[in-house]
Amino acid sequence: MAESCYLDELNESQRKAVLYNDGPMLVIAGAGSGKTRVLTYKIAYLLDHGYEPWSVLALTFTNKAAREMKERIARQVGINRARYLWMGTFHSIFSRILRMEAEKIGFTSSFTIYDSADSKSLIKAIVKELQLDDKVYKPGMIQSRISNAKNHLVSPQAYAASAEMREADKAAKIPLAGDIYLRYCERCRQGNAMDFDDLLVYTYRLFREHPDVCKGYAAKFRYVLVDEYQDTNYAQHCIVLQLTQEHRRICVVGDDAQSIYSFRGANIDNILNFTRQYKDALLFKLEQNYRSTQTIVKAANSLIEKNRQQIQKNVFSENDKGEPIPVSCAYSDVEEGEIVANKIVELHRRGGYAYHDCAVLYRTNAQSRIFEEALRRKGIPYQVYGGLSFYQRKEIKDVIAYFRLAVNPNDEEAFKRVINYPARGIGDTTLNKLVDAATKQHVSLWEVLNEPLAYGLSLNKGTAAKLQAFRDLIAGFVSGAPEKDAYTLGQDIVRRSGIINDIYQDRTPENLSRQENIEELISGIHDFCSDREEEGDSHILLADYLSEVSLLTDQDGEKDDNVSKVTLMTIHSAKGLEFPNVFVVGMEEGLFPGISADNPRSLEEERRLFYVAITRAESHCYLSYAKSRFRYGKMEFGNPSRFLRDIDTKFLCLPAGEQLARQVEIGAGRFRKEIAGGFRRPEVRSYDTGGPSMFDGGEMPQEPHRFVAPRKLRKIDSSSVPASSSVGQMSGDSLEGKHIEHERFGRGVVEKVEGAGDNRKATVRFENAGVKQLLLKFARFKVC
Ligand code: ATP
Ligand code: MG
């Protein structure tokens with residue numbers, strides 16, 4: 001696209017921000033005012049004005065945002081140039097740099113990345129080794145303390161030396177927290193592993209301890225751009241400074257009113273400090289919102305005004321006035337689900353909206369279930385983002401642990417996970433011996449395994465042989481890792497590790513679903529390799545695949561099919577996104593704001609979160625709350641959120657429209673039935689704030705969820721639910737001998753049908769996928 005053409009797509013203030021490239025700059029503006037658009041167009045402009053793509057570094061909050069930005073730029077400057085931009089999240093960009101420079105900071109380039117569960121498990125092990133009480137030294141709490149220290153670039157040594165930290169730990173009755181931190185870092189290093197925070201800490205240290213390396217990257221990245229700057233933490237801020245303090249070609253964009261990650265160490269002061277650190281920085285303000293109706297913008301403004309801490313802005317919209325925001329009151333959480341689902345049906349049928357034009361946003365992952373059920377009942381396709389990711393499922397974690405060992409056999413957490421899975425007779429006593437020896441001698445478990453005698457392990461003959469067999473198995477994978485392509489080695493590992501045998505020997509529905517997941521994982525690797533090959537890489541290793549999957553975020557996903565689906569996600573994950581119709585649900589005291597928002601500071605953060613939620617909406621925003629909700633295993637009665645009162649009532653529709661009111665009535669009947677039934681639900685689910693909430697530990701969900709395109713994202717795909725004309729209702733005889741077309745396996749012939757009820761299975765010979773057994777209750781196919 002010609003330059004003049006794309007500059008015409010900007011308003012005057014936006015154009016100025018794109019054209020100014022002579023020094024540091026900061027764009028502070030309200031939601032939907034085109035900050036991300038400015039960054040995107042600015043990059044295109046730089047590419048048209050002498051900047052090579054590899055000399056531009058753009059840091060985004062999610063990989064998805066980076067991908068979208070790249071696609072947009074590609075449309076303007078061509079994919080062949082856009083491809084070489086350095087664009088991604090802080091974590092993905094810095095892990096890329098760290099892999100190239102790992103030796104300089106005492107790691108190897110094949111270091112693995114510990115996810116939050118790995119790091120918690122390591123902390124737990126250390127607490128045990130130090131013979132501390134894990135009820136006092138709660139691993140989760142220690143983990144967030146360590147994370148906090150890292151995000152503020154406080155090393156274990158500095159932590160130990162700080163009287164302030166020591167006092168705080170003493171006051172919290174965990175005086176040895178600093179020792180755990182130190183040991184945790186040593187163990188990660190021995191395991192050649194980094195956790196997410198380490199990716200920042202070690203990049204910072206790399207640049208600080210190797211000024212030549214820092215200079216090299218600073219010279220390479222001639223222009224640095226950061227989106228969502230309000231949610232960067234201190235470590236990220238310092239790295240950006242390291243890279244740009246010389247040449248000062250930096251552009252950051254953000255909105256203080258959307259700062260919602262202080263619990264992860266994001267510091268709103270970074271925005272305020274920016275102009276202090278870059279004294280000649282120019283401040284640009286954008287005021288026109290292009291996303292939302294006037295009513296939505298005004299409602300959001302009236303809400304955020306209630307926060308004391310904020311930079312004054314005048315955000316306005318010249319879009320349609322729009323309708324007042326309906327607020328619905330449901331009798332129960334189930335009712336709330338129904339109200340939302342009904343409204344989506346109406347928007348679809350009468351409003352002409354596609355399902356993907358609708359999003360349901362909630363405060364906590366645990367709320368998704370109610371909406372999933374309501375949508376599923378109506379046959380509305382949906383996609384859940386976040387929550388328990390595909391990669392957190394037990395069978396997937398097991399396979400990935402083998403992959404990690406193949407690439408980095410020193411990885412302690414992966415080692416512990418699979419040393420006796422599938423069962424090979426190596427018990428806890430033996431593992432503890434290995435751990436003791438490794439800890440004492442400051443080496444990895446793998447090193448001890450290689451020379452048990454040299455490390456003083458006393459083992460009986462049988463155990464020694466079992467350990468040797470495990471060692472040989474892993475050594476075989478390790479030797480294949482630098483040579484074999486990811487797909488071949490991945491298949492090899494799944495087979496030779498014994499996982500396939502373990503899962504395939506027992507054909508329970510749970511195992512069938514696990515098999516499918518593992519097959520998805522392998523086909524995901526295949527897709528990954530094909531994508532990379534298309535980009536010109538010829539030899540894709542398992543290490544390449546691992547480094548991508550360990551950095552996926554809740555928002556990352558690709559549309560695997562062309563089915564239009566409703567989006568279900570937490571408000572945190574919705575940052576930066578926009579949808580024509582947005583439902584903000586669970587507007588109740590104790591839920592939103594949550595009970596932990598018990599001080600003005602955190603209350604303001606929750607209010608900003610609500611601001612983010614409302615401002616995702618383009619045409620319609622709907623708010624709802626439930627008078628009763630099943631939480632912590634019992635029915636709770638709640639009050640409407642105080643945030644509803646923060647919005648000027650002239651922008652709200654209270655009570656909700658006729659249609660909704662009628663639905664609430666229908667709901668009341670059901671609610672009464674529930675009361676009669678003693679508030680019992682068939683299943684009680686845990687309620688938490690953001691962590692994995694469903695199907696944890698590989699349990700089978702009540703209704704099966706098949707995961708599609710796992711390499712990018714967990715998608716609980718409602719289309720996996722059989723259609724109402726399910727083949728499961730056909731009699732076995734009527735199906736035998738029939739030609740069918742399965743959604744994934746393609747065409748085949750049903751050879752046999754056996755079992756009854758939910759356990760009815762068909763043996764199908766597929767033209768291209770061999771013989772498979774399908775559980776009819778779940779299978780997705782049509783009879784040809
Ligand atoms: P957020 O704070 O939510 O991240 P933002 O400030 O980054 O929002 P964008 O996402 O860049 O805003 O823009 C919001 C919407 O407005 C997008 O759909 C964008 O394409 C559109 N938009 C922005 N500027 C213009 C413009 N000048 N003309 C037309 N549409 C615009
Ligand atoms: Mg944006």
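Strand 12 (residues 358-362) and strand 14 pair in the parallel sense over four bridges; strands here are DSSP runs of E with at least two residues, helices are runs of H or I with at least four residues, and both are numbered from the N terminus. Two strands count as paired if DSSP finds at least two bridges between them. The structure is a predicted model, in which local features need pLDDT of at least 70 and side-chain atom pairs count only at pLDDT 80 or more, while totals for chains, interfaces and linings use all residues. Residues are numbered from 1 along each chain as its sequence is written, and chains are lettered from A and ligands numbered from 1 in the order in which they are written.

Strand 14 (residues 566-570) is mostly covered, with five of its five residues buried; a residue is buried if 20 or more other C-beta atoms, placed from the backbone, lie within 10 Å of its own, exposed if 12 or fewer do, and partly exposed in between. On one side of the strand the buried residues are V566, L568 and T570, and on the other T567 and M569.

Across the protein chain, 31 helices and 24 strands are found. Buried residues account for 47% of its 784 residues. Of the contacts between residues at least 6 apart in sequence, 76% join residues at least 24 apart, a contact being a pair of C-beta atoms, placed from the backbone, within 7 Å.

An open sheet is formed by six strands in the order 3-2-6-7-1-8, with parallel pairing. Its edges are strand 3 (86-89) and strand 8 (282-286), each of which pairs on one side only. From one strand to the next, the twist averages 15 degrees; axes are lines fitted to C-alpha atoms, for helices over the stretch in contact, and angles run from 0 to 180 degrees between N-to-C directions. Strand 1 (residues 25-29) runs parallel to strand 8 and is joined to it by five bridges, with K285 in strand 8 as the bridge partner of I28. Helix 2 (residues 12-19) lies across strands 1 and 8, at about 150 degrees to strand 8. Helix 14 (residues 234-244) also packs on the sheet, where it touches strand 6 (223-226) and strand 7 (250-254) and makes about 160 degrees with the direction of strand 6.

In soluble globular proteins, nonpolar side chains tend to be buried together. The largest nonpolar core comprises 123 residues, and those with the most contacts inside it are V27, I43, A58, A406 and L542; such a core is a set of buried Ala, Val, Leu, Ile, Met, Phe, Trp, Tyr and Cys residues joined through C-beta atoms within 7 Å. Helix 19 (residues 394-407) supplies the largest share of this core, nine residues. Beyond its neighbours within four places in sequence, I43 is in contact with V56, A58, I73, L85 and L225. A second, separate core of 63 residues includes A330, V566, I614 and F651.

Ligand 1 is surrounded by 19 residues, of which G34, K35, T36, R37 and Y290 are the closest. Helix 3 (residues 35-48) gives the most to this shell, with three residues.

Conventions
Two residues are in contact if their C-beta atoms, placed from the backbone, lie within 7 Å. A residue is near a molecule or strand if its C-beta atom, placed from the backbone, lies within 6 Å of it.
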